[in-house]
Protein chains: 2
Amino acid sequence: MSLLVVGSVALDSVRTPRGEIREGLGGSATYFSVSAGLFTKVRMVAVVGRDFPRKHVRFLQSRGIDVQGLERASGKTFRWEGEYGKDLNEAKSLKTELNVFQDFRPELPEGYRGSRHVFLANIDPDLQERVLQQVEDPRLVACDTMNYWIASKPESLRRILRKVNVFLLNEGEAKQLAQEDNLLKAARSLLGFGPSIVVIKRGEYGALLFQGNMVCWAPAYPLESIQDPTGAGDSFAGGFMGYLSRRKAIGERELRRALVYGSIMASFCVEGFGLMRLGRVRRGDIAGRYQVFRNLTRF
Amino acid sequence: MSLLVVGSVALDSVRTPRGEIREGLGGSATYFSVSAGLFTKVRMVAVVGRDFPRKHVRFLQSRGIDVQGLERASGKTFRWEGEYGKDLNEAKSLKTELNVFQDFRPELPEGYRGSRHVFLANIDPDLQERVLQQVEDPRLVACDTMNYWIASKPESLRRILRKVNVFLLNEGEAKQLAQEDNLLKAARSLLGFGPSIVVIKRGEYGALLFQGNMVCWAPAYPLESIQDPTGAGDSFAGGFMGYLSRRKAIGERELRRALVYGSIMASFCVEGFGLMRLGRVRRGDIAGRYQVFRNLTRF
């Protein structure tokens, strides 16, 4: 069963206290695909410009990602420039050039419409909806968002939330959207928006999953050196959805494990600039880190 | 085997977004004793003034705490006034009146000197050392501290750290003392100061324990309503040390469980103002919450 993702493919310039990277391959769909690609076949829907380096396309293909849905439009590729301070928890956006993303009207290739698993990465909720409408009979749909859409397109966001099963977002966004400072109450309120599962990402503090009255918690992998947090949330989503897309049934046990796989993939992501580490992960690395997570939390 | 604690007994005035309490029973030794008292017999070493209400002494005794070491000195009881903002993670100290604490020179009652388990709660590290010197043959010694002592008495703090087995402190203090922003590196650096076990408390994000190369992680109990975080760290230490003081051997398994019991006791503490909730906990409540912790983290 294939996993479809729609999101951004970007050229990122990032500075952190550990160094910097100029115009590296990035974007929500990229991080998600590279991460989920270690679990399953990923179909990518996104847009790049004429300036998008061929080597990046070859890299994505080398990770087994289906790029038939990666449109090449006239114009420049989406660019983002950001900076992280000492605490590494929040990026300061220095520049965002939408470029070809501004007029992106995603059309799914015929072969993508039967996808059973869908991830609507962080883009305009109207685009998320447009893509979802083209999927014939999805079994599990998850979406992410960001503060920008919460503030600028609340109605569209509410509409897409009524159509998804899993809502993944970070702690600050959850509180902002629910207008509630207590995280547990915020999560319950978000469950009322439509999704039956809410996953709240807390960066170096791990992640929480809520379904009905069930709550579960995955730690973040303790790392001696965090190079670049860019893409951690999308890598998390990639591990989470990649794992679930290979399961026949999705019960509590699978959700708990998916949360851990999400944490594992996020931990690889932040260990290198851009895709330096995540892009080199092998399946065996994941299994090794899964054991470490077990040891971290068992009592 | 009895557990000895030295620390403060105070009258606390606290304001949080949920309400306030005026001159309630507080202090590090109080929270620790009430929490640890649910696991073992606690011997308290502290000082109060002539104005200290008798009902508070009766309350401590009703929780099974040995108050023979609670000195009543001429002068006023230590008072603290603090306030918490919306995020509840850090108190703003509005007023600190040391009063009788200023001239406190703890002398252990004869019967306390044989204590095998010792907790040096957050007070002047010179007083911590003075108390420890009077204990004949301690088996397990833990200590806490705060930013104030890290900045004002670094030498004394380093001296006491060479004599303890367990060092419990919060995340910000760990980074401050180790002069290191990465928590894992900070913990390793603190292990080099003397203690063989370092426990880093992270409030609503749980706690981490480090021993050699072993790391373990306990979540915080997700609560719908946090009334007052005052005393959470000492309640954590109380659960941690209270549990350990009843174990014959202290291996990895016991340390992992102690971390969870610490988290459980902290969760009770923050559910009410002052001792409103913690002071009413029964042993059965602890067992119930232990099961919830298991469900929270198993995968």
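Me: Which sense, left-handed or right-handed, has the crossing in which H3(A) passes H5(A)?
Reply: This is a predicted model, in which local features need pLDDT of at least 70 and side-chain atom pairs count only at pLDDT 80 or more, while totals for chains, interfaces and linings use all residues. Residues are numbered from 1 along each chain as its sequence is written, and chains are lettered from A and ligands numbered from 1 in the order in which they are written. A crossing is left-handed if the near helix is turned anticlockwise from the far one by less than a right angle, and right-handed if clockwise; the sense in which H3(A) passes H5(A) is left-handed.

Me: How are H3(A) and H5(A) oriented to each other?
Reply: Helix H3 (residues 125-133) and helix H5 (residues 154-161) of chain A pack with their axes 8 Å apart and at an angle of about 30°, where helices (H or I, at least four residues) and strands (E, at least two) are DSSP runs numbered from the N terminus. Axes are lines fitted to C-alpha atoms, for helices over the stretch in contact, and angles run from 0 to 180 degrees between N-to-C directions. Angles under 35 degrees count as roughly parallel, over 145 as roughly antiparallel, 65 to 115 as roughly perpendicular and the rest as oblique. H3(A) and H5(A) are therefore roughly parallel.

Me: How many charged residues are there in the contact of H3(A) with H5(A)?
Reply: The contact, which requires C-beta atoms placed from the backbone to lie within 7 Å, is made by Pro125(A), Asp126(A), Gln128(A) and Glu129(A) of H3(A) and by Ser156(A), Leu157(A), Arg159(A) and Ile160(A) of H5(A). By class (Ala, Val, Leu, Ile, Met, Phe, Trp, Tyr, Cys and Pro nonpolar; Asp, Glu, Lys and Arg charged; the others, Gly among them, polar), the residues divide into three nonpolar and two polar, with the number of charged residues being three.

Me: Which loop of chain A holds Asn99(A)?
Reply: Most residues other than glycine have a negative phi. Asn99(A), by contrast, takes a positive phi near 50°, and with 20 C-beta neighbours inside 10 Å this residue counts as buried. Its place is the loop between strand S7 (91-97) and strand S8 (117-120).

Me: Which elements of chain B do the buried residues of H6(B) pack against?
Reply: In helix H6 (residues 171-178) of chain B, the buried residues are Glu173(B), Ala174(B), Lys175(B), Leu177(B) and Ala178(B). Just after this helix, Gln179(B) takes a positive phi of about 50°. The elements against which the buried residues of H6(B) pack are helix H4 (147-152), strand S10 (166-170), helix H7 (183-191) and strand S11 (197-201).

Me: What is the orientation of H1(B) and H8(B) to each other?
Reply: Helix H1 (residues 28-36) and helix H8 (residues 232-244) of chain B pack with their axes 7 Å apart, at an angle of about 40°. The crossing of H1(B) and H8(B) is right-handed. The two helices H1(B) and H8(B) are therefore oblique.

Me: Which residues of H10(B) does H9(B) meet?
Reply: Helix H9 (residues 252-270) and helix H10 (residues 283-297) of chain B pack at an angle of about 115°, with their axes 10 Å apart, which means that H9(B) is roughly perpendicular to H10(B). H9(B) passes H10(B) in a right-handed crossing. From H9(B), the residues Val260(B), Ser263(B), Ile264(B) and Ser267(B) meet, in H10(B), Ile286(B), Arg289(B), Tyr290(B) and Phe293(B).

Me: Which elements of chain A give two or more residues to the side that touches chain B?
Reply: The contact between the chains joins 21 residues of chain A to 21 residues of chain B. The elements of chain A that give two or more residues to this side are helix H7 (183-191), strand S13 (214-218), helix H9 (252-270) and helix H10 (283-297).

Me: What kind of axis has the relation that links chain A to chain B?
Reply: Of the interface residues of chain A, 100% are also interface residues in chain B, so the copies meet through the same surface. With superposition by least squares on C-alpha atoms of residues with pLDDT of at least 70 in both, a rotation of 180° with 0.0 Å of shift along its axis brings chain A onto chain B (RMSD 0.0 Å). That is the relation of a two-fold axis.

Technical notes:
Buried ≥ 20, exposed ≤ 12 C-beta atoms within 10 Å, placed from the backbone. Contact = placed C-beta atoms within 7 Å.
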